[in-house]
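Here is a short note to read beside the model. Please keep the structure open while going through the points.

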Amino acid sequence: MTSGTTLPTGAGHRPTLQYFRWAFIVTALGLGLGLWLGFSTEHTFAGAMKVFFIVSVLAVLEISLSFDNAIVNANKLKDMTPKWQQRFLTWGILIAVFGMRVIFPLLIVVIAANVGPWTALVMAASQPEEYSRIMHDAHLPIAAFGGTFLMMVALSFFFDHEKDIHWVRWIEEKATQYSSVKGIEIAFVLGIMLIFSEVIEGYKGAEAATVFFHAAIWGLLTFLLVEVLGGILDRSQELMEGAARGGLGAFLYLEVLDASFSFDGVIGAFALSSNLFVIAIGLGVGAMYVRSMTIMLVEKGTLAQYRFLEHGAFYAILILSVIMYVQTLVHIPEVITGLGGAALIGISLWSSIRWNRRNGDQAEAV
């Protein structure tokens, strides 16, 4: 395990299942609540089982979409101070579950339909079909914003002059060579944004293209602002407390990153159910597993033991960002997105195991 890992007690010694104890508890509560909600709304056993099934599928969908999220979280978390590690694992999960799975969909309807928060909540309960329609209509700017932010996250990993471990060498070595060109990842993303704006204008008209481009610009600016603000906050904390980097700024970065990962899942969930509360339960259960995976990866030092695992996660993020862009034109089932990301991470894990076997004691398990 790296020296920066400071999560409490038993690092690397706890049984794997113990990391998922709270996730299992929340799963039982969530599925039970889903059964009750289904029976109370449809008044039949079949209705209860339908909601139970939807909650289960949503939880699996969230987990499959969030493998890469857990890996990136763990990479950032291992360098954070113990206090901010604990805050992310407590406050962060509350923000992830309630903020992104409940408040975020409500805010979309508040802004898109120009209604008050209470009206949006009543609409979610009494007019789920209308609520779902508004959410789907808001998909284009959300996909543009989230896709841009995630694309910057991925490219910042590959365009890094300090990066000396390469998985797909012919891509990553070139990226490292050009990383000394200032702003190259920003130029790359701006070029992609312009190309998609032109394509969207041809398919959906000038208004849709303008909406896409404005939202994408906000996604780019948000990434840059979080990077700048994070650096300032962490630098200030370092000066005041003598603490290591990785405090409030890193926490803020991870929260925005979590939100960007959640966009796709939240919007896609409305294809399975138009009931906000069913969606919140299913995705909330999935979010607990992401938290558990994050803790396990940090405590067991998995990222150090499997040298290409992190690379697989960032490739998955890059592909997810492109898929979010493509979804502004055509619908791509979320199961494809989730399975694609999981497959990349699985291949990177397999490559890491092969490398460890070939190199024996030289494997980087530090």
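**Salt bridge and overall fold**

1. The count of salt bridges comes to one. Bear in mind that this is a predicted model, in which side-chain atom pairs count only at pLDDT 80 or more.

2. Which residues form the salt bridge? Arg169 pairs with Glu173. Their closest N and O atoms lie 2.8 Å apart. That is within the 4 Å cut-off, so the pair qualifies.

3. Where does the pair sit? Both residues belong to helix α9, which spans residues 169–178. Arg169 and Glu173 are four residues apart in this helix, so about one helical turn separates them.

4. Now Arg354. This residue lies in helix α16, residues 334–359. Its relative accessible area is 40%, so Arg354 is partly exposed. Tyr306 is 48 residues away from Arg354 along the chain.

5. On the fold as a whole: the protein has 16 helices and zero strands. Among contacts between residues at least 6 apart in sequence, 79% join residues at least 24 apart.

6. Last, burial and surface. The protein has 366 residues, and 52% of them count as buried. Its accessible surface comes to about 17400 Å². Carbon and sulfur atoms account for 68% of that surface.

Definitions and conventions:
Residues numbered from 1 in each chain as written. Predicted model: local features only at pLDDT ≥ 70, side-chain atom pairs only at ≥ 80, totals over all residues. Heavy atoms only, no water. Helix = DSSP H or I, 4+ residues; strand = E, 2+ residues; numbered from the N terminus. Buried < 20%, exposed > 50% of the residue type's maximum accessible area, 1.4 Å probe, protein only. Contact = heavy atoms within 4.5 Å. Areas by Shrake-Rupley, 256 points an atom, 1.4 Å probe, with all protein chains shown as cover. Salt bridge = Lys/Arg side-chain N within 4 Å of Asp/Glu carboxyl O.
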